[in-house]
Amino acid sequence: MIGARSIAEPTIKDTVIHRLDPRAKILILISTVFVAVSLDNQKTMFLLFLIVLSGFVLARTPAIKIKTLVLLLVLLIWGTIYSQALFYSQLPRTVIFTIISPDFPVLGWLTGGGLFVYEEGLHHGAIQGLRSASILSLGLLMCWTTDSRDMLNGLVGLRVPYSVAFMVITAVRFLPIIITEVATVITVQRLRGFNPKKFGSGIIRTLLNILTPTIANCVRRTGTLAVSIQSRAFRANLDRTSLKKLKFSDIDKIVVAVCVFAAISIVIMKLIYNMYTSGIYYTSGLRPIYAIAGGYL
Amino acid sequence: MVCGCGTMIEIKDLWYTYPGRSEPTLKGINLRVEKGEFVLLTGPTGCGKSTLLKTLNGIIPHESGGIFSGSVKVKGMETTDSNHMEISKEVGLVFQNPDDQIFSTIVEDEVAFGPENLCFEQKEIDRKVEDALQIVGMSDHRFASTNSLSGGQKQRICIASMLAMVPEVLAMDEPISQMDPVGTHEVLNTVRELNRKLKTTILLVEHRLHELAPFVDRIVVMDDGKIVFDQPASKAFDHLEIFYRLGLRIPEPVELCHSLGIKASPLSVSGALAVLNREYFKENTGISQPPPNPEENTGVKTSSRKASVENNAFENNIFGNNTSENNASIISIQDLWSGYEKNKMVLKGINLEIRKGERVAIMGTNGSGKSTLLLHLAAILKPYKGNVKVFGEDTRSKNPYSFAGKVGFVFQNPDLMLFCDSVEEETRFGPVQLKYSDIEERVRNSLEAMSILPLRHDLPQALSRGQRLRTAVASVISINPELILLDEPTTGQDRVNIEQMMDFFKNNNSTLIFCTHDVEVAMSYATRILVMNDGQIIADGKGKEVIKDTESLRKASLTQPPVVEIANYLGVNAFSVKELVKTLTSRTVEGIKC
Amino acid sequence: MKNIGFFLLVLVLIVQPAAAQVQQEDFKPEDMTTFMIQVPHGVEGNGLAVGNNTLSAYLYFESYYDGNMNVTVELDLPKGFVLREPSVNSFSLHTEYDDWYRLLDFYIPADTPCGTYNITAKAVVDVEGTKHTIVRTTQLKVASKEEVANEVSVSQLIIPSDEDGYGDPSHPSNTLIVQETSPALKKLLKVTDLKTENEDLTTTFMGIKLTNTGNSTIPVIVTYDILDTKTGEPVKAFKPDIMGMNTDTVRYATLTLSPDSSSLISLPMYISQDAMGGDYLLRVKVKLTGSDWVAVTKDQKITAISRKWEPIITTFIASLLGLTALGFFLSRPRKIMDRFKTRNLVMIALFGTVSFAAINLPMTILWELSHAIFGPFSFLFTGLFNEILLYMLIASLVVLIPKPGVISLFMMVRFLLGGFITGSFTPITFITLSVNAIMLELMLYAGGITSKNPAPHNKFKMGILCGFADMVSSYVSFSVWMVLYRLFYSDWYIASNILIDGFLYTFIGTWFGISLGNRLKKVAE
């Protein structure tokens, strides 16, 4: 069964991917995000996606995680396909299905002339879905191969203040507890005859019914946790030391350098190309860049 | 136990009022605790004992605000004048629910948190973490996920996270009240070791006086913001009036001796047997093998309840089952297997038949499958294998909503059951949803039954812990379900609330299934006890039968109540102090006659 | 002698009108008229035609004679040519510069032998009873279609080009840029000197190089259409009306192709702002002048790139805002964090967890599921979580901790938590959450809700403020999706999302969130 646990929990192994420093992973992710956002070329986008997927192979990801990944990717790409099939606004476009015909009362007017499913939109959605799919996959790979506290240390190493890191780790720690509590709250109400599926005016009541006990419990818990944390000298000092010290290995340095360099290059090339295509800036000296960006990026 | 090395805590004329309140919570507290002392601070709910603990490391008033007067000195340092870091080093705080104290996902991080904040060097932190984990016996779990630990282990981690800062004082606020017997055992063992070996001064707040009394040097009782009693443990039970008056549970051996008119306050079974041997029954009983010293065997000893409920066990076992035996079957479980993962089944082949009118207590350690079994009965979980039939309907095709109105469920944390704007609304919610006709009557009856009618306009979430439990119960009984399921309703609750709830169910002849760690509650209210271990039912029968089955109890980390243990050693059949007293008295009379 | 001279002068002046009269009578047809024939119309010189085609012969007569004249014009076509209209036309011209013209359609049958034919037009001018004849002859070469088609070719299309038809390397070839023309943006683009096009539509040019490999002069008209590649229909957005005129009237060129030569011409291309990006088919058509027969067509796939500056600039500003806010926070973290007690931090963290457990996790599945069920109206459902539930949490958190910065911290926890759990350290989440946080912080602070004397209990006020803040962040969110992820959203969809999810749901969520917060406050006490 694919549940919150299979989404959230990392699998700790000793692979190339696992051994990467969390800071390196975060920087690689950020670099990849920039690349993914910059790319337009279908083949290159697909290549990027394949490269990201190969990370899962290198990390020897267990089957349940792969299943989860596939499910999430299918949902994501399907979502993009579906929305783009409706809103595709490029030509040519071929209507394959009419959802709201232009002369349908009110809705026809509201939707500015009907709503259709366009064949080309499906294709566009699938291509653009690759972009978010690459980002999602790499994010998951990072999470699944990094212990959350290492990630936290990584963030602190990247100058995220400890107080913030503390909040995040607290949030992570309480996540399974709160998920269980939310499930319990829903069950309690169902056993008392309440049907949360009921749509309409009751929906706000339902949301409040779920939130009230859950948050009230959190508020109550807050007092104890805060006192417990304070009694352990939290924020008593300007600085703090750390038991775990992250080490940036040579491989980390090389990988990060390559990724960051590649990302910066791609982003700059793409920017230059976009300035050229928008008629903002052109110089003949940059022609090779225009050619590369136009052809491959 | 007192080493006399100097005063560790000195509180003089301490008054404290929380912000926004007019009535002070602490009213002129004077207390002196010596280094290495183990002090039990007890008293009824709301007496101010937890507040007093928070003054020890300056959280009150530094963080909380409010009106503070008087003096609190720890190791000669005035807490109001000292900085947070200095005080933090000296006083460690441990609270009731370990889940509310642990913020890290990994044990090591949790324990290292304090030393890191105190800016120790990396090596020093590493050493302190190792030492602290070793002291609490959790070295093997250094890299474990905090979520994977049991309650007792978590609490030990909480203690370790304080110990890593090497405090002179460990102030603990009801650290065992939410523990199962194993957890309680683990925590108390740890605390005792700390006190003995490291000479750590312990100030422990707990209302389970009867369980703690054998371990402490001194008992301090608070009531209404004041210290009303302060005696060494050995002399504390010479006069029981104050304990009775404040509703505090007295160790069964003490109660037994006092009921027999013996002027002694033995805190353990062996002590009681020694006294009994010496005083009256030497010739008659002929104890051949005295039980081990409780200080060596720190297994939890549950004790007796006040006289009014003592007859329960007797009644339950004599009449309870007989009346329900012919009743219709409500629950029928056949070969139930259940679990979240295929290779980690929580329930392994459960077969069970429960009839209308039965009150079934399910006992066992955490993880034994009690709660999972209960969840199956409300169709919240579905069997992996086997059948669960509730009211003749297979739960596989049902959801909790299908049993709404028939099955009432009170969860371990009643707070999760309260979501309405007032107590009355909370009680009305179920009947309204189920479109019952006599709503007002149901609401009124259930509020009255739980004695919360005067609170009916109050916000449920803002009530006290006991009142919240009673509101949650009222919200269930207003539906008048045919089957009531209670998941560890006694956890963290004080006696009055537990009794009120259980008495209602008993008097109402409800079909009741409840999970509990409390042998005493099970004996008092259940017509039948199931003992579970590792997903299986290892004992099933009337209370008296099960309580005698020491092997099953041992497997489930349960122990007999001291009075049953004493009765066993004495070779008599008794399950409560009253029964034992009656038996022993009659035997003495017979002996005299002879 | 002087007197004689004076007398003569007076005499001349007196007889001047009479002399003029004499001059009138002295009518010279070639000098005092213009008579012209073009076959086909538009061709100066000899024309070219193909069989089985209808052509127009153009006859033009203009008088420079200040008087009445009756003219009879007769067109004489070669044998076999079929004139569709009367061959003889009579008319009167009355003053100087008075003129007459006529297009006379005639048909060249398919079986007309190829060759050069003489076409004669004869004008008989009757001036005061005197008839003068003017004759004009032109030659029309009748060629086979194959011959013409082989001789004329479009040898090069340069898109876009400059006004003279030469290629502009500063623009990518075969690509048109569809520029946005919103009023606000126009100003901005003018200020930044980015915008050079006219106000309503984008204009660019294409260069067309025509080659005539034959040995005859070929008069042609060049025009083009931009077609939908699927339907083959012309796309309206590339044929916008210009000052009330159909674009067809301005986007053609006539030229005469000399034998064995090439000519480069340019044609304007008009792109209205509602043109969609995508691939189109540019079809250049070369017709023989005066004929409807398309001698040559040349197709070229072109791409229109839709550059909507508003979302781009919005995304840019939003990113800048987010980064600035982050930079501000990272430059003084301690100062900011010290404003919060530890219990505040814990509470914010736990609210973050609840938001993740109650919103993000169920949304992972429900988002797509609701899209499948409710289609484009799924926002009505997802908004219940993303807006109502979220703002219940935000509003109750603000009631519990009415301090500036609390929402930013909450958003930060949400962002990092999403990153930790699902690795969603994405630019979209960063920009959306940071803009949301900034807008809420600003609105609530300005509205006195989190200011020095916090007043978080006015449901209406806080609902409105949060509603506006969320409308802005919703718009930003769509812009970011469109720009960074190249996704399309209809205007109506964006508008309804902003109004319903952004404002209405937010308002409702905030309203109930304040009640919830007030209840929780009692719990906290």
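Visitor: How much area do chain B and chain A bury between them, and what share of it lies on carbon and sulfur atoms?

Guide: Buried area is the accessible area, taken with a 1.4 Å probe, that two parts lose on being put together, summed over both. Chain B and chain A bury about 5,300 Å² between them, with 57% of it on carbon and sulfur atoms. Phe103(B), Leu416(B) and Phe419(B) supply 15% of the area that chain B buries against chain A, more than any other three residues. This is a predicted model, in which local features need pLDDT of at least 70 and side-chain atom pairs count only at pLDDT 80 or more, whereas totals for chains, interfaces and linings use all residues. Residues are numbered from 1 along each chain as its sequence is written, chains are lettered from A and ligands numbered from 1 in the order in which they are written, and side-chain values use heavy atoms, with hydrogens and water left out.

Visitor: How many salt bridges are counted between chain B and chain A?

Guide: A salt bridge is a side-chain nitrogen of Lys or Arg within 4 Å of a carboxyl oxygen of Asp or Glu. The count between chain B and chain A is 6; Arg240(A) and Glu116(B) form a salt bridge in which the closest N and O atoms are 2.8 Å apart.

Visitor: What does the interface of chain A and chain C bury, and how many salt bridges cross it?

Guide: Chain A and chain C bury about 8,000 Å² between them, 76% of it on carbon and sulfur atoms. The contact (heavy atoms within 4.5 Å) involves 94 residues of chain A and 86 residues of chain C. The rule finds 2 salt bridges across this interface, and Lys230(C) forms a salt bridge with Glu120(A), the closest N and O atoms being 3.7 Å apart.

Visitor: Which strands of chain A and chain C are joined by bridges?

Guide: Strands of a sheet pair through backbone hydrogen bonds, either parallel or antiparallel. Strands are DSSP runs (E, at least two residues), numbered from the N terminus, and two of them pair if DSSP finds at least two bridges between them. Here 2 bridges join β1 (residues 90-91) of chain A to β16 (residues 277-288) of chain C, and the two run parallel; Leu91(A) stands opposite Gly278(C).

Visitor: Which strands stand at the edges of the open sheet in chain B?

Guide: The sheet has 4 strands in the order β2-β1-β4-β5, with antiparallel pairing. β2 (26-34) and β5 (77-78) of chain B stand at the edges, each with a single partner strand, so one side of each is left without a neighbour in the sheet. Between β1 (residues 7-17) of chain B and β2(B) there are 7 bridges, and Trp15(B) has Lys27(B) as its bridge partner in β2(B).
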